[in-house]
Amino acid sequence: MQKNILILDFGSQYTQLIARRVRELNIYCEIKPFNKVPENLSSFKAVILSGSPFSVRHDNAPIPDLKNIKGQLPILAVCYGAQHLVQQHGGSVEASNTREFGRAHLEAIKRDNPLFEGIEEGSQVWMSHSDTIMALPPDAHRIASTEDVKFAAFQFDDEDTYGIQFHPEVYHTTDGLKLLKNFLVKIAKVPQEWTPAKFVDLSVEELKETIGDQKVVLGLSGGVDSSVAAVLLNQAIGDNLYCIFVNNGLLRKNEFDEVLDQYKNMGLNVKGVDASEKFYAALAGVSDPELKRKRIGNAFIEVFDDEAHQIKDVTFLAQGTIYPDVIESVSVNGPSVTIKSHHNVGGLPEYMKLKVVEPLKMLFKDEVRRVGKELGISPKLLGRHPFPGPGLAIRILDDVTPQKVSILQDVDHIFIKALRDWELYDEVWQAGAMLLPVHSVGVMGDERTYEKVVALRAVESTDGMTADWVDLPYKFLQNVSNKIINQVKGVNRVVYDISSKPPSTIEWE
Ligand code: XMP
């Protein structure tokens, strides 16, 4: 696989955003922790140093080994990265006493510097630092300022080493993408060749070579990642790819049959396995969310393992892992506590003794969708909302029974169908319904009812890490609520969740 840009991470929350911007320019890049500079740099054409929550003035400040990089490859150092270079090369960095958070505007731009080609005086940039550069190294010169920040950008003399104290990767830096393009294309001379079509060609070739005529097994989930991985592998090895799609009884209404048909129409060699009863048995009487996840994870492994063993001579296990799952991150606050064990479902035990192949492991989610489109996968499948591996089990508060699943499936179906009918589905990042362990009193005709309460949740987000509730039209909510209460037996009250993440989470369990 081609490698072009190395991004060294100092733990900034924006590092992945830098990578996504670079990829948007159709240039391939990889993120590595600051202390894991690859020995062999021959395939890298330029290096970007990220920002960081650390201060260069502190004892624990991350220090990279740049001896084979600085002066040899073009460098763009952002924020902490820029301050690090200044401090290491004889300049000075101090705590700032002026406002260096938020909007600022570039001035005194050195017009003939290629980094600022096409960027005008006054262009808005986004600052986010509490240290500032007080003096540049003797062999560096200033190339732009802002009202409060004298050394907003600088360059080392006779070297393609640049430092900027603002963040070009964030949306609020108006010409950020232009600046990155100037650095990558004009200065580092990297071709913009990283396209979905190119990725497909290279991957198919690489997969053919790695797998040859061996057999591969893959678990499909109905989601975007495993579907794209399957179609890509199918292009490379055809029917030697054996897909298994397990019905855990916790999917959306009719989803198992519909998605299975879709997969078959896409030409995949797929076997549908209905293991609902096994999952319901494993969940009987379990109300603790983490225990539900564990039980579901274990049941999945058992079913998958059984099925995989029925395929003669299978040697590879394919997974739809994507880049955010594998980026080694720089720990800022030490090991974090487990809030929810998300990646439990589908994690397969080592005893399966299969070699693992992960064809999407260098792609971000939006790139997976673009590759899917290139492969001809239907927009409906590619545009599906994320859905948790443990499915409706973590949307049924308290214990799970087939009856509760059936009620929730009906509620969810009305809600999701209405989102589609009102053309709101694509404006929402994720939506679903929760069945609450609460009964409320109602009245239907002349009768008193005492039935269940459901909560609807719809959020906007980019990656699920933070999310906000969607301001759905009252008319829409009214319509959906009426339909649910009139059509779903056992439910007499509907509420809408107006909590953001954080402090809440998207799922209720
Ligand atoms: P939370 O509830 O943590 O959810 O705000 C963030 C995203 O992760 C999904 N999610 C899961 N996905 N297994 C999964 O595969 C899980 O156990 C799990 N729990 C939450 C959730 O649907 C949302 O997209």
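Visitor: How do β9 and β10 run, and how many bridges join them?
Guide: This is a predicted model, and in it β9 and β10 (residues 153-156) run antiparallel, joined by four bridges. Within that pair, Ala-140 has Phe-156 of β10 as its bridge partner.

Visitor: What order do the strands of that sheet come in?
Guide: The sheet is open and has seven strands, in the order β2-β1-β3-β4-β11-β10-β9, with mixed pairing. β2 and β9 (140-144) are the edge strands, and each of them pairs on one side only. From one strand to the next, the twist averages 20 degrees.

Visitor: And the β2 end, what does β1 do there?
Guide: β1 (residues 5-9) pairs with β2 in the parallel sense, over five bridges. Leu-8 has Lys-32 in β2 as its bridge partner.

Visitor: Why call β2 largely enclosed?
Guide: Four of the five residues in β2 (residues 29-33) are buried, so the rest of the structure largely encloses that strand.

Visitor: Which strands does α2 lie across?
Guide: Helix α2 (residues 80-88) lies across β3 (46-49), β4 (75-78), β10 and β11, and its angle to β4 is about 110 degrees.

Visitor: How many bridges hold β12 and β15 together?
Guide: Four bridges, in the parallel sense, between β12 (residues 215-220) and β15 (residues 314-318). Val-217 is the residue opposite Leu-317 in β15.

Visitor: Which α8 residues are buried?
Guide: Quite a list; among them are Ile-296, Ala-299, Phe-300, Val-303, Phe-304 and Glu-307, and also Lys-292, Arg-293 and Asp-305. The buried residues of α8 pack against β12, β13, β14, β15 and helix α7 (276-283). As background, an α-helix has 3.6 residues a turn, so residues three or four places apart point the same way.

Visitor: Now helix pairs. At what angle do α5 and α10 pack?
Guide: About 45 degrees, with the axes of α5 (residues 224-237) and α10 (residues 365-374) 10 Å apart. That makes α5 oblique to α10. The crossing is left-handed.

Visitor: Which residues make the contact?
Guide: From α5 there are Val-224, Asp-225 and Val-228, and from α10 there are Lys-365, Val-368, Arg-369, Val-371 and Gly-372.

Visitor: What's the phi of Lys-189?
Guide: Near 55 degrees, a positive value in a residue other than glycine. Lys-189 is in the loop between α3 and α4 (196-211).

Visitor: Is Lys-189 buried or exposed?
Guide: Exposed, because its relative accessible area is 59% and the cut-off for exposed is over 50%.

Visitor: And what about phi at Asn-254?
Guide: Asn-254 has a positive phi of about 60 degrees, and it is not a glycine. Asn-254 lies in the loop between β13 and α6 (255-265), and at 43% relative accessibility Asn-254 counts as partly exposed.

Visitor: Last one: where is Asp-175, and what does it contact?
Guide: Asp-175 is in the loop between β11 (161-164) and α3 (176-187). Its relative accessibility is 18%, so Asp-175 counts as buried. Leaving aside neighbours within four places in sequence, Asp-175 is in contact with Ile-119, Ser-123 and Gln-124.

Note on methods:
Residues are numbered from 1 along each chain as its sequence is written. This is a predicted model: local features need pLDDT of at least 70, side-chain atom pairs count only at pLDDT 80 or more; totals for chains, interfaces and linings use all residues. Side-chain values use heavy atoms; hydrogens and water are left out. Two strands pair if DSSP finds at least two bridges between them. Helices (H or I, at least four residues) and strands (E, at least two) are DSSP runs, numbered from the N terminus. Buried means under 20% relative accessible area, exposed over 50%, partly exposed in between (1.4 Å probe, protein chains only). Contact means heavy atoms within 4.5 Å. Axes are lines fitted to C-alpha atoms, for helices over the stretch in contact, and angles run from 0 to 180 degrees between N-to-C directions. Angles under 35 degrees count as roughly parallel, over 145 as roughly antiparallel, 65 to 115 as roughly perpendicular and the rest as oblique. A crossing is left-handed if the near helix is turned anticlockwise from the far one by less than a right angle, and right-handed if clockwise.
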